[in-house]
Amino acid sequence: MKNKLDEKLMIKILLALTMAFGVFIVSFQLFERNMITIPERMVIINSSEINLPESFKEKMENGTISVNINTAEKEELEQIPGIGETMAQRIIEYREENGRFSSLEELLNIPRIGEKTLEKIKPYIYL
């Protein structure tokens with residue numbers, strides 16, 4: 001009886017280890033393919049903060065909030081110093097036509113974003 005229990009326990013342990021290893025492998029592959037990114041600095045934005053543009057803008061100006069340029073809505077992009085309504089729309093259109101940004105420097109492909117603008121907005125954005 002004890003051998004059967006030991007055998008069942010060993011099988012459960014092996015299954016758990018196999019599953020954990022599988023999750024690790026999948027996560028590693030997603031990370032390697034840049035499907036998962038780890039930003040240098042990340043702040044989770046509460047949806048109630050988005051409804052308070054002045055509060056959001058103050059946090060942006062203080063450098064306490066970063067915006068993911070691959071997922072940001074137009075309103076979020078507009079809060080970045082140096083990015084207005086037109087530029088925010090261009091970023092979204094570029095993203096829709098070309099897919100996710102693979103580097104921040106790819107923003108240079110958008111009309112009216114040059115080296116100076118990119119350097120100005122870099123502290124506020126991430127992939």
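**View 1. Y94 and F101, the aromatic pair.** Y94 is buried, at a relative accessible area of 15%. Buried stands for under 20% relative accessible area, exposed for over 50%, and partly exposed for values in between (1.4 Å probe, protein chains only). F101 is buried too, with a relative accessible area of 4%. The structure holds one aromatic pair. It is formed by Y94 and F101, whose ring centres are 5.4 Å apart and whose planes meet at 20°, so the pair is stacked. Rings of Phe, Tyr and Trp (its six-membered ring) pair if their centres lie within 6.5 Å; planes under 30 degrees apart count as stacked, over 60 as edge-to-face and the rest as tilted.

The model is predicted: local features need pLDDT of at least 70, side-chain atom pairs count only at pLDDT 80 or more, and totals for chains, interfaces and linings use all residues. Residues are numbered from 1 along each chain as its sequence is written, and side-chain values use heavy atoms, with hydrogens and water left out.

**View 2. Helix α5 and its two sides.** Helix α5 covers residues 85-98; helices (H or I, at least four residues) and strands (E, at least two) are DSSP runs, numbered from the N terminus. The expected span of a helix is 1.5 Å times one less than its number of residues. For the 14 residues of α5 this gives 20 Å, and the end C-alpha atoms are 20 Å apart, which agrees. The buried residues of α5 are M87, A88, I91, I92, Y94 and R95. Seen down the axis, these buried residues fall within an arc of 160°, so they line one face of the helix. The arc is that of the directions from the helix axis to the C-beta atoms. An α-helix has 3.6 residues a turn, so residues three or four places apart point the same way. On the other side of α5, E85, T86, E96 and E97 are exposed. The partner of the buried residues of α5 is α4 (74-78), against which they pack. Just after α5, G99 has a positive phi of about 85°.

View 3. P111 sits in the loop between α5 and α6 (115-121). P111 is exposed, at 53% relative accessibility. Not counting residues up to four places away in sequence, P111 touches M87 and R90, where contact means heavy atoms within 4.5 Å. P111 and R90 are 21 residues apart in sequence, and their C-alpha atoms are 7.9 Å apart in space. R112 lies in the loop between α5 and α6 and is exposed, with a relative accessible area of 69%. The phi of R112 is near 80°, a positive value in a residue other than glycine.

**View 4. N68 in strand β1.** N68 belongs to strand β1 (residues 67-68). At 14% relative accessibility, N68 is buried. A polar atom of the N68 side chain lies 2.7 Å from the backbone nitrogen of N70. Leaving aside neighbours within four places in sequence, N68 contacts Y126 and L127.

**View 5. Confidence along the chain.** pLDDT, the predictor's confidence in each residue from 0 to 100, averages 78 over the chain, and 67% of the residues score at least 70. Confidence is highest in α5, at 95, and lowest in helix α2 (residues 47-50), at a mean of 46. Over residues 46-50 pLDDT stays under 50, and the model has five contacts for them beyond four places in sequence.

Methods. Polar contact = N/O pair within 3.5 Å; in protein donor to acceptor, adjacent residues only side chain to side chain.
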